[in-house]
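Try each one before you read its solution.

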Amino acid sequence: MSEAQALLEAERITKRFAGISALEEVTVEVHRGELVGLIGPNGAGKTTLFDCLSGKLRPDEGDVRFDGRSLVGLPVHRRARLGLARTFQRIELFSGMNVRDQLLVAERARHGGGSFLRDAVGLSRPTADEIERCDRMLDLLGLTPDADRPIESLSLGRGRLVELGRALMTEPKLLFLDEPSSGLDRRETHDMGTVLQAVQERSHTAILLVEHDVPMVQRLATRLYVLDAGHLIASGPTREVLDDPAVRAAYLGVGV
Ligand SMILES: Nc1ncnc2c1ncn2[C@@H]1O[C@H](COP(=O)(O)OP(=O)(O)OP(=O)(O)O)[C@@H](O)[C@H]1O
Ligand SMILES: [Mg+2]
């Protein structure tokens, strides 16, 4: 495979819900190790695109290629095995578990030992190696002081970091992040940005980032795609795209 081939190539993705066109022939690509932003006003189709790429939804039309192979028809867990991971706009963590165990479940899912359910209810003991891997991730995310805390006691900001850590435990080649700063205050948003930069530098994971926080997008993304009402209205280097009058119009009032 040539170096120039994109890691993810989504071509002309179309998705309709009961006649409403959520995505119309949307084409995006992400190269290895790059951090690309995906922005657009509410209802633009950003989450729907993630759902189509990660396998939660089946597009009506279009092709998704990842690492040289077509993903069409592959379920979520098969895509995850190939190196795709995501976090959710509304945080999704297992209740009744502490922080380290959240990561441990993901670490075991990576090995695919088939004991996911048993692990999820905490019946099998972690090995020293598994604990070490989880603790390294907790350290990267600045979550070491929270390792033994129950998930319910965390702030939303810490919870989002745990969700990010869980996705990273699978060692993805590509990570979809759906508004990681949603519900966070300015300080937490800045900290999240710092963690994402560290992650990208350390593991060279490619990231497709949906984010409303424009300073965060500017800081992290080298390239942007802009969706508006299901259509891709702009793409290119971050600053150029943010200066585009069509993009500014779509974002009127958001202050790009
Ligand atoms: N399961 C569904 N059934 C019907 N319509 C849906 C469904 N999911 C999304 N839609 C519609 O598709 C369009 C795109 O929604 P989507 O959630 O992808 O937007 P978004 O860009 O993620 O918005 P936000 O910034 O608010 O998260 C909207 O019109 C939405 O109402
Ligand atoms: Mg969304």
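**Exercise 1.** How many nonpolar, polar and charged residues does the shell around ligand 1 have?

*Solution.* Start with the ground rules: this is a predicted model, where local features need pLDDT of at least 70, side-chain atom pairs count only at pLDDT 80 or more, and totals for chains, interfaces and linings use all residues. Residues are numbered from 1 along each chain as written, chains are lettered from A and ligands numbered from 1 in written order, and side-chain values use heavy atoms, without hydrogens and water.

Now sort the shell (heavy atoms within 4 Å of the ligand): four residues are nonpolar, seven polar and two charged, with Gly counted as polar. Helix 1 (residues 46–54) gives the most, three residues.

**Exercise 2.** In what order do the strands of the four-stranded open sheet lie?

*Solution.* Read across: 2-1-4-5, with antiparallel pairing (pairing takes at least two DSSP bridges). The edges are strand 2 (20–30) and strand 5 (69–70), each pairing on one side only. Inside, strand 1 (residues 8–17) and strand 4 (residues 61–66) share five bridges, and Glu11 stands opposite Asp63 in strand 4.

Note on methods. Helix = DSSP H or I, 4+ residues; strand = E, 2+ residues; numbered from the N terminus.
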